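Have the structure open as you read.

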Amino acid sequence: MKQIVLPGGESVPALGLGTWCIGDERKLRGEEIATLQLALDLGLRLIDTAEMYGEGRAESLIGEALLGRRDEAFIVSKVYPHNASRRDAVAACERSLRRLRTEHIDLYLLHWRGSVPLQETLEAFLALQAAGKIRHFGVSNFDLDDMREWAALDGAAATATNQVLYNLGRRGVEWDLLPWQRARSMPLMAYSPIEQGRLLRERKLIDFAARHGFSPSQAALAWLLAQEDVIVIPKTGQRQRLRENLAAAEIQLDAAQLAELEHLYPAPRGAVPLAML
Ligand code: NDP
């Protein structure tokens, strides 16, 4: 599995697992737990979640699935903007830790920017880090202006990532945000990499994938994984799809295939405001 180096030197796998909506339906729980466990078995150990997902249900399901295997996983979770004050962020993190049944979160993100001053959130993250409750911190849904403001704060130098919407059909970040992060060796974490499944129904992607012997999902994920510093977190609660998605990590798109995708899904030709799902 390709690894991505975080600021500070630690490596994480370039392909992880999203968990938005897991734990929402009782009848799916068994398969979702089995999928999380299979992910660890197969080396897909970066698991992305948030206190928001099912108002804690996703974190609780992860806690159950990882019982006895916590050390194998790299857990990313996120704090709601309305919980991101100096005091509330610490309490929110402690609730997440309890649901996840762990002593620490590997990477803790501000889910999106709200009304709490960024300096306060950063101070909370630094306090949580000093207390050993989080190992790394970062942000999510930050466009370039927000990133610049955040990066100028004291203590922000170690920011591990900015998690944003990025996929074949949403390439706006390539214009300015991705180069800005690249210049600072800060990996970008791409969420909704198959646009919540909608990309897979696009005729042009279906045809491209069929021509080259991939599934549409593998084509979309392999394209993101071809970038040197992007972490990709497709969500699935099904083991068969997990295996399918994981196989994308073995695909090396050649120059002709990349050019074909470039033609089908062109790069931005100007600044595009960051989209959010
Ligand atoms: P994805 O682009 O990962 O798509 C997930 C959807 O696609 C699910 O419905 C899943 O269904 C389906 N799917 C997955 N693999 C396949 C496959 N091989 N074939 C067909 N269907 C498939 O969308 P998400 O929005 O879930 O994004 C991924 C993760 O990113 C989230 O789960 C979350 O962790 C994070 N995220 C972060 C946000 C933020 O604001 N920071 C916003 C949005 C997402 P099934 O489970 O049934 O397989």
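How far apart do the end C-alpha atoms of residues 15-264 lie, and what share of the span is helix and what share strand? The ends are 24 Å apart, and the span is 41% helix and 14% strand. Helices here are DSSP runs of H or I with at least four residues, strands are E runs of at least two, and both are numbered from the N terminus. UniProt lists residues 15-264 as "domain: NADP-dependent oxidoreductase" in an unreviewed entry; such annotations may be inferred rather than shown by experiment.

Some ground rules. This is a predicted model, where local features need pLDDT of at least 70, side-chain atom pairs count only at pLDDT 80 or more, and totals for chains, interfaces and linings use all residues. Residues are numbered from 1 along each chain as its sequence is written. The chain has a mean pLDDT (the predictor's confidence in each residue, from 0 to 100) of 97, and 100% of its residues reach 70 or more. The model scores ipTM 0.99 and pTM 0.98.

Now the helix pairs. Axes are lines fitted to C-alpha atoms over the stretch in contact, with angles from 0 to 180 degrees between N-to-C directions.

| Helix pair | Axes come within | Crossing angle |
|---|---|---|
| α7 (residues 203-212) and α8 (residues 216-225) | 8 Å | roughly 90 degrees |
| α2 (residues 57-65) and α3 (residues 86-100) | 7 Å | roughly 40 degrees |

The angle makes α7 roughly perpendicular to α8, while α2 is oblique to α3. (Under 35 degrees counts as roughly parallel, over 145 as roughly antiparallel, 65 to 115 as roughly perpendicular and the rest as oblique.)

On the α7 side, L205, I206, F208 and A209 touch P216, Q218, A219 and A220 of α8; contact means C-beta atoms, placed from the backbone, within 7 Å. That contact has seven nonpolar residues, one polar and no charged ones. Ala, Val, Leu, Ile, Met, Phe, Trp, Tyr, Cys and Pro count as nonpolar, Asp, Glu, Lys and Arg as charged, and the others, Gly among them, as polar.

Finally, the ligand. Of the 27 residues around it, G18, W20, Y191, K235 and T236 come nearest; a residue counts as near if its C-beta atom, placed from the backbone, lies within 6 Å. The shell has eight nonpolar, 14 polar and five charged residues. Helix α9 (residues 239-246) supplies the largest share of the shell, three residues.

Methods: Contact = placed C-beta atoms within 7 Å.
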